[in-house]
Amino acid sequence: MTNEETNNLPNNVKQIGSISDGYRIYLEDYACTYLEQYAASRGGCEKAAVLVGRNLTINDDNVLFINGVIQGKYTVQRNGMAELTEKSWQYIDKQLNLYFKDSQVVGLAYVQPGFEDYISEKLCNFQKNNITKGLQVLYITDPTEKISGFYRWNNNEEVFSAIKGYIIYYEKNEGMHEYMLENKIKEDKPEREPENERETEDAGAKARAVATSKVVKKGKHYAPIDQSKTVNLLGSVSFVMLLVCFIIGAGLVQNDDKLNDLETQLAALENEFQSSKEVFASYQEAAATETTEITTTVTTTETPLEQTTEAPESTAVSEPTKYTVQAGDTLISISKARYGDISKVQEIRELNNIEDDKIVVGKTLLLP
């Protein structure tokens with residue numbers, strides 16, 4: 001959007017939530033899409049990015065146009081939070097010069113799975129330490145709960161104030177488009193599961209075939225018997241023997257005196273051939289018996305699944321307890337101290353009608 005267009009707001013827009021007067025946020029569609037992709041990648045990991053754009057005054061209203069998102073690379077985990085380092089800011093400055101020359105850093109986008117849109121003290125401290133970087137707003141998102149929203153930093157009170165809604169607008173955004181192409185986000189792909197019972201059974205059959213292909217008995221390894229090769233060998237030997245007999249017979253056919261000897265030799269050869277067949281048959285039978293014995297040694301043991309019994313859930317409704325706020329207390333610290341984690345923060349908010357997470361020392365809170 002050029003200076004000549006500052007009096008003309010985008011027409012192709014989509015409103016998210018209710019828009020208040022005095023301060024409005026316009027988020028470009030490419031930037032919005034990239035934010036969602038970035039938040040969904042590497043599930044379960046907190047990460048940061050910066051928002052780039054421009055501040056304009058239109059019809060006496062402060063309007064923030066966000067037309068780009070830059071990944072927060074080279075971050076470090078400090079105090080349980082992904083913080084931008086000096087190397088991160090150097091990378092951001094380089095990307096600004098490459099893709100967003102007419103824009104500047106205007107805010108921080110923070111992804112915190114499992115914490116909804118809760119703003120921790122760590123985020124507030126990070127904002128105070130980096131206010132000179134141009135951070136004006138905070139976009140916080142929880143990809144697991146599909147919750148997100150904008151917050152505006154109040155310098156006087158050093159707190160974030162929630163912005164009720166924002167506007168997504170659509171326009172030609174070559175810078176963000178090029179950045180997205182150069183910094184494609186790889187989405188996590190879950191391992192493929194069998195699509196049906198038949199596929200599961202086929203996989204089981206293959207596993208059983210592999211398990212039974214090599215069987216150990218009495219410490220010795222038995223190779224599978226290839227009966228087709230043995231049959232071919234016996235047939236070749238028999239053919240050679242008959243051929244020898246034919247040659248001998250041809251050489252002696254004219255000798256009447258040796259005809260009887262030839263007949264005797266042929267008979268002997270035939271007997272040897274029959275004996276060879278019997279030996280081979282017994283060999284086959286023994287091999288089959290041995291294979292059967294080997295197969296019977298394979299046993300499978302099934303371990304019965306441990307039966308677990310779930311204790312019936314208590315239907316009794318516990319009465320809220322009272323707690324007096326001490327110096328240094330926060331909703332998170334109270335939840336951790338009473339319940340061991342931060343799972344009760346939202347319930348404490350709702351039970352005490354707390355909207356901005358501010359609690360006063362000496363005030364009595366109801367705890368679930």
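Is Lys128 buried, partly exposed or exposed? At 34% relative accessibility, Lys128 counts as partly exposed. The cut-offs are under 20% relative accessible area for buried, over 50% for exposed, and partly exposed in between, with a 1.4 Å probe and protein chains only. The notes below put Lys128 in context.

1. **Basis.** This is a predicted model, in which local features need pLDDT of at least 70, side-chain atom pairs count only at pLDDT 80 or more, and totals for chains, interfaces and linings use all residues. Residues are numbered from 1 along each chain as its sequence is written, and side-chain values use heavy atoms, with hydrogens and water left out.

2. **Confidence.** The chain averages a pLDDT of 78, and 72% of the residues score at least 70. Here pLDDT is the predictor's confidence in each residue, from 0 to 100. Residues 1-6 have pLDDT below 50, and beyond near neighbours in sequence this stretch has 10 contacts in the model. Residues 214-225 are also below 50, with 13 contacts beyond near neighbours in sequence. A contact means heavy atoms within 4.5 Å.

3. **Overall make-up.** The chain has nine helices and 15 strands. Both are DSSP runs numbered from the N terminus: helices are H or I with at least four residues, strands are E with at least two. Of the 368 residues, 31% count as buried. Among contacts with a separation of 6 or more, 68% join residues 24 or more positions apart.

4. **The Lys128 salt bridge.** The side chain of Lys128 meets that of Glu158 in a salt bridge, at 3.8 Å from N to O. Lys128 lies in helix α3 (residues 121-129) and Glu158 in the loop between β9 (147-154) and β10 (159-163), so the pair ties together parts that are 30 residues apart in sequence. Glu158 is partly exposed, at 41% relative accessibility. A salt bridge here is a side-chain nitrogen of Lys or Arg within 4 Å of a carboxyl oxygen of Asp or Glu.

5. **Other salt bridges.** The whole structure holds five salt bridges. One of them joins Glu83 and Arg78, at 2.7 Å from N to O. Glu83 is buried, at 15% relative accessibility. Arg78 is partly exposed, at 41%. Another joins Lys344 and Glu347, at 3.4 Å from N to O. Lys344 is partly exposed at 25%, and Glu347 is partly exposed at 35%.

6. **Helix α3.** Which residues of α3 are buried? They are Leu123, Cys124, Phe126 and Gln127. Seen down the axis of α3, its buried residues fall within an arc of 160°, so they line one face of the helix. The arc is that of the directions from the helix axis to the C-beta atoms. The cover over these buried residues includes β6 (81-83), β7 (104-111), β8 (137-142), β9 and β10.

7. **Helix α9.** In α9 (residues 345-352), Val345, Ile348, Arg349 and Asn352 are buried. Their arc, seen down the axis of α9, is within 100°, so they line one face of the helix. An α-helix has 3.6 residues a turn, so residues three or four places apart point the same way. The cover over the buried residues of α9 includes α8 (331-339) and β15 (364-367). Asn353 follows α9 and has a positive phi, near 55°.

8. **Largest pocket.** About 830 Å³ of space lies in the largest pocket. Of its 28 lining residues, the closest to the centre are Ile119, Phe160, Asp356, Asp357 and Lys358. At least two lining residues come from each of α3, β9 and β10. The largest share, five residues, comes from β10. On a 1 Å grid over the protein atoms alone, a pocket is an open set of points where a 1.4 Å probe fits, with protein on both sides within 12 Å along at least five of seven lines; lining residues have an atom within 4 Å of a point. Grid points are joined across faces, edges and corners, and the volume is the space filled by probe spheres set on the points.

9. **Positive phi in loops.** Most residues other than glycine have a negative phi. Tyr74 is not a glycine, yet has a positive phi of about 65°. Tyr74 lies in the loop between β4 (61-71) and β5 (76-78) and is partly exposed, at 43% relative accessibility. Asn79 has a positive phi near 55°. Asn79 sits in the loop between β5 and β6 and is exposed, at 62%.
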